[in-house]
Amino acid sequence: MSETLVAEQWLYNELHGDATLMALISGVYAYVAPDTATEPYVVFSYTNDGEDEQGVGGTRLYSVLRYIVRAVDTCESFVSLATIADRINTLLHGKFEAGPSGGTIAESIRIAPYATVEVLDGGVQVRQLGGVYQLRVQS
């Protein structure tokens with residue numbers, strides 16, 4: 001199975017499978033939330049900033065993949081998103097475990113914080129708060 005598919009199934013399972021996080025949000029989405037999604041929610045997306053680690057003879061040992069995982073809400077402050085971002089970090093940072101479909105998440109660590117604001121028509125602010133997570137994936 002593709003390393004990105006292993007990573008994305010693992011991310012979804014870790015986030016969606018946590019009752020504490022799900023009590024704070026309406027859903028977890030890969031790349032784009034549907035128009036019908038109710039805020040706040042969590043979105044994760046691959047940054048296309050990855051690489052394969054090679055062993056002797058060009059054997060691929062694992063893929064290093066970076067994902068932005070963030071809470072999204074229409075709000076005036078990041079404060080309302082902080083609890084969600086903290087829970088995401090608790091679930092994803094420092095993990096080493098078997099992934100779905102026979103893959104392995106050899107490492108999951110947060111390598112950078114992530115925060116952004118988009119101002120829509122009428123001054124409505126959509127804020128995103130979370131982190132950039134680096135996963136070492138074997139499949």
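## The whole chain

Start with a cartoon view: the protein chain has three helices and seven strands. Keep in mind that this is a predicted model.

Now zoom out. Along its principal axes, the C-alpha trace spans about 60 × 30 × 25 Å. A compact globule with 139 residues would have a radius of gyration near 14 Å, and this chain has 16 Å, which agrees. Of those 139 residues, 42% count as buried. Among contacts between residues at least 6 apart in sequence, 59% join residues at least 24 apart.

## Helix H1

Select residues 3-16, which make up helix H1. How far apart are its end C-alpha atoms? They are 20 Å apart, and that agrees with the 20 Å that 14 residues should span at 1.5 Å a residue.

Next, colour the buried residues of H1: Glu-3, Val-6, Ala-7, Glu-8, Trp-10, Leu-11, Glu-14 and Leu-15. While you look at their spacing, here's a handy rule: an α-helix has 3.6 residues a turn, so residues three or four places apart point the same way.

## Strand E4 and its partners

Move on to strand E4, residues 60-74. Here 11 of the 15 residues are buried, so call this strand mostly covered. Which strands pair with E4? Take them one by one.

- **E2 (41-46)**: this strand runs antiparallel to E4, and six bridges join the two. Click Val-42 and you'll find Ala-71 of E4 opposite.
- **E3 (51-54)**: four bridges link this strand to E4, again in the antiparallel sense. Glu-53 stands opposite Tyr-62. E3 and E4 form a hairpin with five residues between them, and Gly-57 in the turn has a positive phi of about 75°.
- **E7 (125-138)**: 12 bridges hold this antiparallel pairing with E4. Pick Arg-66 and look across to its bridge partner in E7, Gln-134.

With these strands on screen, remember that in a regular strand the side chains alternate between the two faces of the sheet.

## A stop at Ser-45

Select Ser-45, which lies in strand E2. Is Ser-45 buried or exposed? Its relative accessible area is 12%, under the 20% cut-off, so Ser-45 is buried. Show side chains and you'll see that of Ser-45 making a polar contact with the side chain of Arg-70, at 2.9 Å. Leaving out residues up to four places away in sequence, Ser-45 touches Tyr-31, Arg-66, Tyr-67, Ile-68 and Arg-70.

## Into the nonpolar core

Last stop: the largest nonpolar core, with 27 residues. Which of them touch the most other members? Select Leu-15, Val-69, Ile-88 and Leu-92. The elements giving two or more residues to this core are H1, E2, E4, helix H3 (79-92) and E7. H3 supplies the largest share, six residues.

Centre on Val-69 and show what is around it. Not counting residues up to four places away in sequence, Val-69 touches Leu-11, Leu-15, Val-42, Val-43, Phe-44, Ile-88, Leu-92, Gly-130, Gly-131 and Tyr-133.

Conventions
Residues numbered from 1 in each chain as written. Predicted model: local features only at pLDDT ≥ 70, side-chain atom pairs only at ≥ 80, totals over all residues. Heavy atoms only, no water. Core = buried A, V, L, I, M, F, W, Y, C linked by side-chain atoms within 4.5 Å. Buried < 20%, exposed > 50% of the residue type's maximum accessible area, 1.4 Å probe, protein only. Contact = heavy atoms within 4.5 Å. Expected span 1.5 Å × (residues − 1). Polar contact = N/O pair within 3.5 Å; in protein donor to acceptor, adjacent residues only side chain to side chain. Pairing = 2+ DSSP bridges. Rg over C-alpha atoms; globule rule 2.2 N^0.38 Å.
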